[in-house]
Amino acid sequence: MAHDFLSIAFMAALGLAIGSFLNVLIHRLPIMIEQSWQDPATTTEPAMDLAFPGSHCPVCRHPIAWYDNLPLLGFVLLRGRCRHCQTPISWQYPLVELLTGALFVWSLLTHASWAAALAWAGFAAALLALAVIDARTTWLPDTLTQPLTWGGLIAAGMGWSSVSLQLALAGAVVGYLFLWSVYWAFRLLTGKEGMGYGDFKLLAALGAWFGVQSLLAVVLIASVSALVVALVQMWRKQLPENRQIPFGPFLAFAGAWLLFVGTPQLLTL
C-alpha cells in the first residue's frame with residue numbers, strides 16, 4: 001500500500017515520541033521494580049513512576065525544560081551535554097529515539113493496513129525496550145513481556161500477523177515450556193540457574209507473534225549469536241565473573257531477524 005509524505009512524517013514523529021518514552025521506561029522501570037521490593041517504612045528515596053518526578057539531569061538534578069526534551073532535536077541543540085552542568089548525555093537516548101522512529105516508518109511501509117503497521121511497530125518498540133533493559137540489568141520485566149504475548153495473540157486473532165490464532169497460541173505455550181524445560185534440566189544437572197524466567201516469557205511472546213513453526217529459528221539464531229558474543233568476550237577477557245550474559249538481547253535479535261529477513265525455510269518446523 002502506497003503512503004504519502006504526511007503519513008510517513010506522522011509515523012516518524014510518532015516513533016520518535018515513543019522512542020523518547022522508551023528511554024524513560026528503560027531508565028525508570030528497573031528502579032520502580034527495586035522500589036517495590038523495599039519496605040516503605042525504611043526507604044528514604046522518593047517513590048518513582050513513569051511520570052514523577054519530572055525529567056531531570058541525573059547528575060545536577062536540574063529539571064529539563066520541554067524544549068530540551070524534544071526527541072533528537074533536544075540532544076542536537078544541547079550538543080549532547082546537560083545545559084546546566086555540562087555532563088555528557090548518554091548516546092543511548094538519541095539512538096533509541098532514532099531507531100524507534102525508523103522502526104515505525106519501516107512498519108508503515110511494509111504492512112498493508114494502519115492497524116497492522118501500528119501493531120508491529122508496537123512489537124518492535126517493546127522488543128527494543130526489553131533488549132536494552134536486559135542488557136543493562138539482566139531483567140525482563142513481566143510488565144512488558146506479558147502484554148507483548150497478549151499483543152501477539154490479539155494480532156493473530158485480528159489478522160494483523162501472518163499466523164493463525166492457533167499457531168500463535170501454540171507458539172506462546174511451546175515457547176514458554178521449551179525454555180522452562182531447558183532451565184530445569186540445567187538446574188538438575190548442575191545445581192545452577194542457567195537463565196531467568198523472563199527468558200521463558202519473551203520466547204513465549206515471540207512464539208505468539210511468529211507462530212510455533214518459527215520457534216526453532218528463534219532459538220537457534222539467539223543461541224548462535226549469544227555463543228559468538230560470549231566467545232568474543234572470553235577472547236577479550238571481558239566475560240562477567242559469573243560467566244553468564246543476558247539472553248534476552250539475543251532473543252530480541254532473533255525476533256528482529258525474523259521481522260526483517262523472515263524465517264529461514266530450513267529452520268521452519
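Predicted model: local features only at pLDDT ≥ 70, side-chain atom pairs only at ≥ 80, totals over all residues.
User: Why are H8 and H9 called oblique to each other?
Analyst: Helix H8 (residues 215-235) and helix H9 (residues 248-260) pack at an angle of about 125°. Their axes are 8 Å apart. Axes are lines fitted to C-alpha atoms, for helices over the stretch in contact, and angles run from 0 to 180 degrees between N-to-C directions. Angles under 35 degrees count as roughly parallel, over 145 as roughly antiparallel, 65 to 115 as roughly perpendicular, and the rest as oblique. H8 and H9 are therefore oblique. Helices here are DSSP runs (H or I, at least four residues), numbered from the N terminus.

User: Which residues make the contact between H8 and H9?
Analyst: Contact means heavy atoms within 4.5 Å. H8 brings Ala-217, Val-218, Ile-221, Ala-222, Ser-225, Ala-226 and Val-229. H9 brings Phe-250, Leu-251, Phe-253, Ala-254, Trp-257 and Leu-258.

User: How do the residues of that contact divide into nonpolar, polar and charged?
Analyst: There are 12 nonpolar, one polar and no charged. Ala, Val, Leu, Ile, Met, Phe, Trp, Tyr, Cys and Pro count as nonpolar, Asp, Glu, Lys and Arg as charged, and the others, Gly among them, as polar.

User: What makes Asp-68 and Arg-83 a salt bridge?
Analyst: The term needs a side-chain nitrogen of Lys or Arg within 4 Å of a carboxyl oxygen of Asp or Glu. In the pair Asp-68 and Arg-83, the closest N and O atoms are 2.7 Å apart. Asp-68 lies in the loop between helix H1 (5-37) and helix H2 (73-77), and Arg-83 in the loop between H2 and helix H3 (92-110), so the pair ties together parts 15 residues apart in sequence.

User: Is Asp-68 buried or exposed?
Analyst: Buried means under 20% relative accessible area, exposed over 50%, and partly exposed in between (1.4 Å probe, protein chains only). Asp-68 has 10%, so Asp-68 counts as buried. Arg-83 has 43%, so Arg-83 is partly exposed.

User: How many salt bridges does a search of the whole structure find?
Analyst: Three. Another of them joins Asp-142 and Lys-201, at 2.8 Å from N to O. Asp-142 lies in helix H5 (residues 142-158) and Lys-201 in helix H7 (residues 197-210), so this pair ties together parts 59 residues apart in sequence. Lys-201 is buried at 19%, whereas Asp-142 is partly exposed at 34%. Glu-193 and Arg-187 also meet in a salt bridge, at 3.5 Å from N to O. Glu-193 has 43% relative accessibility, so Glu-193 counts as partly exposed.

User: What is the peptide bond from Phe-52 to Pro-53, cis or trans?
Analyst: The bond is cis, with omega near -10°. Pro-53 lies in the loop between H1 and H2.

User: Why is Arg-79 called exposed?
Analyst: Its relative accessible area is 76%, so Arg-79 is exposed. Arg-79 also has a positive phi of about 55° although it is not a glycine. Arg-79 is found in the loop between H2 and H3.

Note on methods. Residues numbered from 1 in each chain as written. Heavy atoms only, no water. Helix = DSSP H or I, 4+ residues; strand = E, 2+ residues; numbered from the N terminus.
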